[in-house]
Amino acid sequence: MVSAGPTALAALHGRVFVTPPPWAAGDFRALLGEPSVFLLALPQPGSTAEAVQGREPRAFLLGRAIAGEAEILTLAVDPGARRCGLGRQLVEAFLGAARARGAERAFLEVAADNAPALGLYAAAGFGEAGRRRGYYRTPDGQRLDAIVMSRGLG
């Protein structure tokens, strides 16, 4: 895993997300300043940890762990690097990091129409815990449900 700055994270997030809307560098900067938030990032092929500073990572996951619970805040994989196991690698690393931070349960939310993400999370042991009706708004104004998923970390 490597570190990446808010601008690089926002650049990749912007290339990956439409719904929910991508986050700006300021959003990442604020979250990364919280002690409960942690970043897991994978470098571009051939990059060293030092070389990735200031560059877009190949994939990243932003998580939070506090009061016995952990949450995947966002996960982004470069569109050209999908179906290579990077998302699975990040989710597995998240589960370990959450356990190490004392979390007993993990949560996330995902757009109901995001079949690849739903499959990834189900394969990692997450199950549907609830639904937020009309939670996300698409650029054309449609509303999409958010699926809340959870799993134990015991």
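R83 is exposed, with a relative accessible area of 85%. The cut-off for that label is over 50%. R83 sits in the loop between β3 and α4 (86–100). Its phi is positive, about 65°, although R83 is not a glycine. The model is predicted.

**Backbone points to look at**

- A67 is another residue with a positive phi that is not a glycine; the value is near 55°.
- Look for A67 in the loop between β2 (59–66) and β3 (69–77).
- A67 counts as exposed, because its relative accessibility is 76% and the cut-off is over 50%.
- T19 and P20 are joined by a cis peptide bond.
- Omega at that bond is about 0°.
- P20 belongs to the loop between α1 (6–16) and α2 (25–32).

**Helices and strands**

- The protein chain contains 5 helices and 6 strands.
- Their order along the sequence is α-α-β-α-β-β-α-β-α-β-β.
- The protein chain has a radius of gyration of 15 Å, close to the 15 Å from the globule rule for 154 residues, so it is as compact as a globular protein of that length.

**Overall dimensions and contacts**

- Along the principal axes, the C-alpha atoms of the protein chain fill a box of roughly 40 × 40 × 30 Å.
- Which share of the contacts between residues at least 6 apart in sequence joins residues at least 24 apart? In the protein chain that share is 59%.

**Surface and interior**

- Of the 154 residues in the protein chain, 44% are buried.
- Buried here means under 20% relative accessible area.
- The protein chain has an accessible surface of about 7,800 Å².
- Carbon and sulfur atoms account for 51% of that surface.

**Charges**

- The protein chain carries 17 positive and 14 negative charges.
- How many Å apart are the mean positions of the positive and negative charges? They are 3 Å apart.

**Where to start in the view**

- For the cis peptide bond, go to T19 and P20, in the stretch between α1 and α2 that holds P20.
- For the positive phi values, go to A67 and R83.
- The loop of A67 comes between β2 and β3, and the loop of R83 comes between β3 and α4.

Notes:
Residues are numbered from 1 along each chain as its sequence is written. This is a predicted model: local features need pLDDT of at least 70, side-chain atom pairs count only at pLDDT 80 or more; totals for chains, interfaces and linings use all residues. Side-chain values use heavy atoms; hydrogens and water are left out. Helices (H or I, at least four residues) and strands (E, at least two) are DSSP runs, numbered from the N terminus. The radius of gyration is taken over C-alpha atoms; the globule rule is 2.2 Å times the number of residues to the power 0.38. Buried means under 20% relative accessible area, exposed over 50%, partly exposed in between (1.4 Å probe, protein chains only). Contact means heavy atoms within 4.5 Å. Accessible areas come from the Shrake-Rupley method with a 1.4 Å probe; for residues, only the protein chains shown count as cover. Lys and Arg count as positive and Asp and Glu as negative; His and the chain ends are not counted. The place of a charge is taken as NZ of Lys, CZ of Arg, CG of Asp or CD of Glu.
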